Amino acid sequence: MADQNVPPRRPRDDRGWDGRQHHTSDSYGDPTASASYGYDSPHPYQGGYPAQGDPREQYGDGYAHAGQPAPAPRGPQWVGPEGLGRPAPARPAGAGLPTLDDDDEPGRKVGRRKAIVALGGTAAVVAGGAALAMTPQFRSLFGDEAAAGDATGNTVTDGTAARPSGQQPSTVRTYTEQNESYMGSRAGEALKKNAPTGGRTFSGPAAAAAETTVTVKTVLAKDPILHLARRATFGATPAVVADIKRQGIDAWIRGQLDPDKIEPSKAELKLAELPTQTLSVEQLRTQRDKLNEQGAQPEREVVDATLARQIWSKRQLFEVMVDFWNDYLHVAADFDGGEVYRTSFDKDVVRKHALGSYPEMLVAANKHPALLIYLNQKDSRKDAINENLARENLELYSVGVDGGYKEGDVRQAAMLQTGRGVNDKGEYVLNARNHYQGKVKILGFTHANTFGIEDNKEPTKQQIAAVDAAIDKYITYIALHPSTAKYVAQSLATRFVSDTPPKSLVDRLAKSYTSNNGMIKPVLMTLFSSSEFWAAVGQKVRRPMEYLVATYRTLGVAPEASAKNDNGDNKRTPFARGLRQIQDKLRELGQYPMGQPTPDGYPDVYVAWTSAGTMVNGWNEAGEIVAGYRTAFTYTAPEKLVAKPPATAGAYVDALSMRLVNQKLSTREKNLILGVAGVPATAKVDATFNGAITAVARAILASPQHHLR
């Protein structure tokens, strides 16, 4: 059916998506390395969408056309396209890969660099025992800009040749869902062969754990308590493992699902040292100049605060879900307006509803200035309609690209959502005069959408409320659509279970979502009560942020400044400065909270992150943490990680492995680590491992046992 009153094809306003991507360093790492990860490169959205063709052509890293290679891995691409051990392209000056220490000392049988690469490289090619063989290739980031159509004209159109309005985008297959695009590679196919294929639901998580046999190939210990600690937190710690053992699996999960009853950690209390996090939108607007003079950056402090909670909060499952929603309902921190609105979006949308109702979260998001500005909805009016938010509501935030919507649905939704915006005070407002009136039909949702609003008369409060209610009704409808239930279920199963979650589990989670009207806690209980969850030991690989956060957690880093701390910044406390250092390192690694500039969020599958450069950079940072070089925090000395170190090297490696990764390593891995120290297993060693304890601990943190979760 042809469409009348077709809005422009995702036009951008004059400002575009500049996004303020020019970040400053914080005396942390190589400042010239920013060229490697794009701080000063054009924003992926800058210049706008093309008026015709595939919007994914703008997203660049995260999507692949059907039949084309998967996108390039994320993070610094500092190795050759054939992977480890192959020639690397010439690197720009100042953007070199950090070197590993003490390489090939005279008389050493195995160089530390070679040993660590051999050890950690296992994680680059093994995920639960499945071999990965991917040769990533870069693809074009941008399409050609074309003129936008006239939203008020009467020209009849049937969409474009690539995506006619009578077809759903996934039928035309000009693009695929993000994780799917990566998993279509040879590496993804290899992973699928090692994933559980089916299962059942039990009366509760503990019963499911007790009755499930782990059959997949994995280097991880098949201990259900450790498995739960790895998946439901940002990294197992001795305290978390002890809590699960003491409370029992069921009680621990119930407690995590009721985070308001969990006391705040010391680090969470120290978040008061991030001054912008307690300010309202109005205060951030009116105090902008003062904050600039103080060097405070609200859009970066919200990231700092998130990292602090990931590392130190006792509400770990809640923080895992906050991170999940930050990828699913994604609004970048670094956008033009993020300095004022992103903190509020974090508090009033994501955190408020992370374990509550997703329909309520999506309704709240669609009324929040952050999303309205981020996707240009504030500029959409009946005589100049912008499709951005309407499209992402369908494609990313609800039913998904395979959810059954058609191009005509996007345009009808864009018309229905006109009038929503932000007033001069930075508050959500609905300007009813700018609202398109006329019947709409979107994925089975119909509304007369006629309210008697006239251009030459001020709309009444009742008319404004009626328009608002109509849009809310539509948002709630798509949030509860069966395709949304499946998409949320697939995303949760991918996050918690496997990059290739079994259909049986996805179907049960979708059923739970629907029967509970989009409430998240029942869905999570269904997930934890399913055998597929407990059978998937070692089926997830930590992304760069997850790896670094887990490293801080397992090493027991404390949020208080060390005695060696030299603040060097009288504008910020050591705690605030240390968090900024972590954030800057994560920017180097290519992933940090709310960091993806485009609205698709970060991919959640391992093959999207296979970068040896990122991996080695992470190992080097682990060494810095072990050595306590980040003096803004307090660290356990590496020789004190094991309370009573054994006197022989082999036994010491076993004890240190149990402390850091909760299990002993294989004989091969153990020998590689002994090679790092340059001693045999029977050699006598002191608490410092004869001076090699930092290198040994760092090598253990480079093992697959620390990369897998």
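Guide: Helices here are DSSP runs (H or I, at least four residues; strands are E, at least two), numbered from the N terminus. This is a predicted model, in which local features need pLDDT of at least 70 and side-chain atom pairs count only at pLDDT 80 or more, while totals for chains, interfaces and linings use all residues. Residues are numbered from 1 along each chain as its sequence is written, and side-chain values use heavy atoms, with hydrogens and water left out.

Asp 304 belongs to helix α13 (residues 298-312). Asp 304 is buried, at a relative accessible area of 0%; buried means under 20%, exposed over 50% and partly exposed in between, with a 1.4 Å probe and protein chains only. Beyond residues up to four places away in sequence, Asp 304 touches Leu 274, Leu 579, Arg 580 and Gln 583, contact being heavy atoms within 4.5 Å.

Ser 491, in helix α21 (residues 482-496), is also buried, with a relative accessible area of 15%. Neighbours within four places aside, Ser 491 contacts Phe 324, Tyr 328 and Asp 604.

Helix α27 (residues 612-626) has 15 residues and spans 21 Å from first C-alpha to last, close to the expected 21 Å, which is 1.5 Å times one less than the number of residues. Because 14 of its 15 residues are buried, α27 is largely enclosed by the rest of the structure. Just after α27, Gly 628 has a positive phi of about 75°.
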